[in-house]
Amino acid sequence: MPVARVVVDVMLKPEILDPQGQAVQRALPRLGFEGIADVRQGKRFELEIEGPVDEAALGRIHEMAETFLANTVIEDFTVKVEKAEESK
C-alpha cells in the first residue's frame, strides 16, 4: 500500500517573541558563527499516511494541525506532502 509523508511545520507568528531563538542567536557568535541576523525556533511533525493523500486526507491533517499540533493563537503552520512510496 502506498505510504506518503506529510510534513507539518509549526512556527511562532512573527509578532510573537521567541526567547529560545534569541538565546540561540546570542550563543552563535561565542561559538564562532558570525553573521546570523535572526533565529526563530519551531516544530516539525512528519506524518506517515497510509493510502492516498487526497483533498479529504489533507483536510483532516489541516484540522489536526489547527486543533492539536499548533496553538493558532501564537503559531502558524504549513502542511506539505513530502514523498510517497510503497510500504514494505
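Biologist: With which side chain does the side chain of Arg 5 make a polar contact?

Modeller: A polar contact is a pair of N or O atoms within 3.5 Å; within protein, one must be able to donate a hydrogen and the other to accept it, and residues adjacent in sequence count only if both atoms are side-chain atoms. Here the side chain of Arg 5 makes such a contact with the side chain of Glu 48, at 2.9 Å. This is a predicted model, in which local features need pLDDT of at least 70 and side-chain atom pairs count only at pLDDT 80 or more, while totals for chains, interfaces and linings use all residues. Residues are numbered from 1 along each chain as its sequence is written, and side-chain values use heavy atoms, with hydrogens and water left out.

Biologist: Is Arg 5 buried or exposed?

Modeller: Buried means under 20% relative accessible area, exposed over 50%, and partly exposed in between (1.4 Å probe, protein chains only). Arg 5 counts as buried because its relative accessibility is 19%. Arg 5 belongs to strand 1, residues 2-12. Strands (E, at least two residues) and helices (H or I, at least four) are DSSP runs, numbered from the N terminus.

Biologist: Which residues is Arg 5 in contact with, leaving aside its neighbours within four places in sequence?

Modeller: Contact means heavy atoms within 4.5 Å. For Arg 5, the residues in contact are Glu 46, Leu 47, Glu 48, Lys 80, Val 81, Glu 82 and Lys 83.

Biologist: What pattern does the chain follow along the sequence?

Modeller: The chain has two helices and three strands, and their order is β-α-β-α-β.

Biologist: How should one read the span of helix 2?

Modeller: The expected span of a helix is 1.5 Å times one less than its number of residues. Helix 2 has 15 residues (55-69) and should therefore span 21 Å; its end C-alpha atoms are 19 Å apart, which agrees.

Biologist: Which residues of helix 2 are buried?

Modeller: An α-helix has 3.6 residues a turn, so residues three or four places apart point the same way. In helix 2, the buried residues are Ala 57, Ile 61, Ala 65 and Leu 69. They cover an arc of only 80° around the axis, so they lie on the same side of helix 2; the arc is that of the directions from the helix axis to the C-beta atoms. On the other side of helix 2, Glu 55, Ala 56, Arg 60 and Thr 67 are exposed.
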